[in-house]
Amino acid sequence: MWDRVQKALLASLSVSSMRLWKWVRAFWSKNGLLTLSMLSVATGCLLGFLLRALELTELEKQYFSFPGELLMRMLKMLILPLITSSLMSGLATMDSRACGKMGVITITYYLWTTFMAVTTGIILVISIHPGAAAQKGDYSVGKVVLSSADALLDLIRNMFPSNLIEASFQQYRTVLVPVVKSPGFPKIPGKSLSFIYFAPDDENPEIHHPVFLELTPSPEMTYRTLPGTSNEMNVLGIVIFSATIGLLLGKMGERGAPLVNVCQCLNEAVMKIVSMAVWYFPFGIVFLIAGKILEMEDPSVIGQKLGLYAITVVSGLVIHGLVLLPLLFILITKKNPFVFIKGILQALLIALATSSSSATLPITLKCLLENNGIDRRVARFVLPVGATINMDGTALYEAVAAIFIAQVNEYDLDLGQIITISITATAASIGAAGIPQSGLVTMVIVLTSVGLPTADITLIVAVDWALDRFRTMTNVLGDALAAGIIQHICEKDFAPKPPKQDPVSNTDKFPSAETSLLHPKDNVIELIEESLFDQTGVHYNICQV
C-alpha cells in the first residue's frame with residue numbers, strides 16, 4: 001500500500017516538475033533576453049553607486065568601462081549598413097504612389113508628435129517653475145558657441161554631404177576662430193608690451209579661450225567662422241541619399257533588381273549579426289551604466305541645484321511617452337498600445353544604456369519584425385527616418401531647458417516668445433543627430449531665438465548625461481509606435497493584390513481534354529506541345545509554380 005502511494009507521489013512530482021521545466025523553457029526562450037537586460041540595468045546602477053566609495057582613478061574607470069565601450073562600438077558598426085540597406089531595399093520594393101503616401105503621413109505624424117512633446121514640456125516648466133531653486137552664481141560660464149544661423153546652415157550642409165565616404169564617419173561643423181583687433185596705440189619706449197594667450201579648451205582642443213594679461217584697454221575680440229568637421233556619422237545625409245537611391249531603383253524596374261537583391265541580402269545579414277550580438281548586450285549594459293555613474297559629479301550636490309529641473313523633464317517625458325503617444329495609438333489603430341510596447345522593451349533598455357537612437361536602431365528593427373509583426377517595408381522606411389528626424393524627447397528637453405534658463409536669469413517670457421520657443425524647439429530637434437548629448441548643440445538655436453544667453457547652457461550639463469538616456473527612450477518609443485500606426489493606415493496599400501483576370505479566359509481556346517490538364521492535382525504538368533500547336537496554331541509553354 002505504501003509503495004503504491006509512494007509511486008503515485010513520485011509520478012505526480014515528476015509530472016509537475018516536467019510542467020514547471022517546460023514553462024521555464026518557454027518563458028526563457030521568449031523573455032530570457034529581456035529578463036537579463038532588465039537585471040543588467042539594475043545591477044549596473046547598484047554596482048556604479050557601490051564603486052563610487054572606492055574613488056577610482058580616471059585610468060581605472062576607463063578600464064572598468066571597457067566592456068560597455070565594446071557594446072557601443074558593436075552597435076555603431078551596424079548603423080551604416082543597416083540604414084543604407086533597409087532604406088534602399090524598402091523603398092525600391094514599394095509602389096511609388098504608396099511610398100509617397102507613406103512618406104507624407106510619416107513626416108506629418110512625426111512633426112505633430114514633436115509639437116505635442118514641446119507643448120507638454122512648456123506647460124510643465126511654467127507650472128513647476130524649477131528655475132527658482134537654481135542659482136546661477138555657482139556655475140562656470142563663458143564658452144563661445146555658434147549662432148543660430150550657423151547651426152541651421154550646418155544642418156542644411158549635412159543634408160547634402162560632399163563626400164559619402166567621409167559622411168560615414170564625419171559631419172560638417174562650423175568652427176569659430178578668435179581674432180584680436182589691434183587697438184592702434186603707439187608703442188611707448190621703455191615699457192613692456194602686453195600679451196594675449198589662447199588656452200585650448202579641456203574638452204575640445206580646437207576651441208581656444210582668450211586669456212588677457214596686463215592689457216589696458218582690452219582689445220576688441222571678433223570670431224571668424226571656418227569650415228570644420230566633427231567625428232560623428234552624418235546620419236541625416238546618409239538617410240537622404242539612401243532614400244533617393246531606393247526610390248530611383250524602384251522606378252528602374254528590372255535593371256535595378258540586382259542592386260535591390262544585394263541590399264536585401266545585406267539587410268538580412270545585418271539582422272543575423274544583431275541576433276547573435278544581442279546576447280552580449282546584458283553584459284555590456286552593466287559596465288556601460290556603472291561607468292557613467294562613476295564619472296558623474298556628487299549626486300547630492302546636483303540634486304539640490306538641479307533636482308527640480310530633472311523632475312520636470314522626466315515628468316514631461318513620462319506624460320508624453322506613456323499617456324499621449326499610447327492615447328494617439330489607441331485612437332488611430334483601436335489596439336492596446338501596451339501590448340505593442342511590451343514587444344519593444346528590449347530596444348527601450350538598449351536606448352537607456354546607450355543614449356543613442358541611431359545605435360538602438362538595429363534592436364528596434366529586430367523587435368518590431370519579430371515581436372510585433374510589422375511589415376518589413378514599413379519598418380525599413382519609418383525607423384531610419386524616425387531615428388533621424390523624430391526627436392520628441394529632445395524637443396521637450398530643449399523647450400524645458402530654454403525656459404529654465406530664462407527663469408534662472410529672471411527673464412519674463414511673453415506669449416510670443418513662448419510660441420517662438422515651441423516652433424524653434426520643434427525645428428531644432430529635427431537636426432539633432434541620433435548621438436549622445438546632441439541636444440546641447442541644437443539648443444543654441446532655441447536660446448538665440450528669444451535672446452537668452454547661450455553661455456548658460458553650462459547650467460544644465462551636470463544632469464544632461466542622465467536626462468539624455470530618458471529622452472532617447474522616448475525617441476525610440478515614438479519611432480516604434482509610429483511604425484505600428486503607419487502600418488495600420490497604409491495596410492490596404494501593402495495588401496497583396498489579386499491577379500488580374502481577362503474577361504475571356506485563355507482556356508476557352510482549348511478543347512475539354514486539354515483544358516483539364518491546366519488544373520491538375522500533380523505538381524508536374526506534361527503538355528504535348530505539338531497537339532496544342534495543331535489545334536491553335538500557337539506555341540504554348542505552360543508550367544506550374
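1. A salt bridge here is a side-chain nitrogen of Lys or Arg within 4 Å of a carboxyl oxygen of Asp or Glu. This is a predicted model, in which local features need pLDDT of at least 70 and side-chain atom pairs count only at pLDDT 80 or more, while totals for chains, interfaces and linings use all residues. Residues are numbered from 1 along each chain as its sequence is written, and side-chain values use heavy atoms, with hydrogens and water left out.

2. The salt-bridge rule gives a count of eight, and one of these joins the side chains of arginine 73 and glutamate 69, at 3.9 Å from N to O. Arginine 73 and glutamate 69 lie about one helical turn apart, because four residues separate them in helix H3 (residues 66-92); helices (H or I, at least four residues) are DSSP runs, numbered from the N terminus.

3. Helix H4 (residues 96-128) packs against helix H14 (residues 376-389) at an angle of about 35 degrees, with the axes 11 Å apart; axes are lines fitted to C-alpha atoms over the stretch in contact, and angles run from 0 to 180 degrees between N-to-C directions. Residues in contact (heavy atoms within 4.5 Å) include Met102 and Tyr110 in H4, and Phe381 and Ile389 in H14. By class, this contact of H4 with H14 has eight nonpolar, three polar and one charged residues; Ala, Val, Leu, Ile, Met, Phe, Trp, Tyr, Cys and Pro count as nonpolar, Asp, Glu, Lys and Arg as charged, and the others, Gly among them, as polar.

4. Helix H13 (residues 357-370) and helix H18 (residues 461-489) also pack at about 35 degrees, with their axes 11 Å apart. Ser357, Thr360, Thr364 and Leu368 in H13 meet Thr472, Val476, Ala480 and Ala483 in H18, a contact with four nonpolar, four polar and no charged residues.

Notes: Helices (H or I, at least four residues) and strands (E, at least two) are DSSP runs, numbered from the N terminus.
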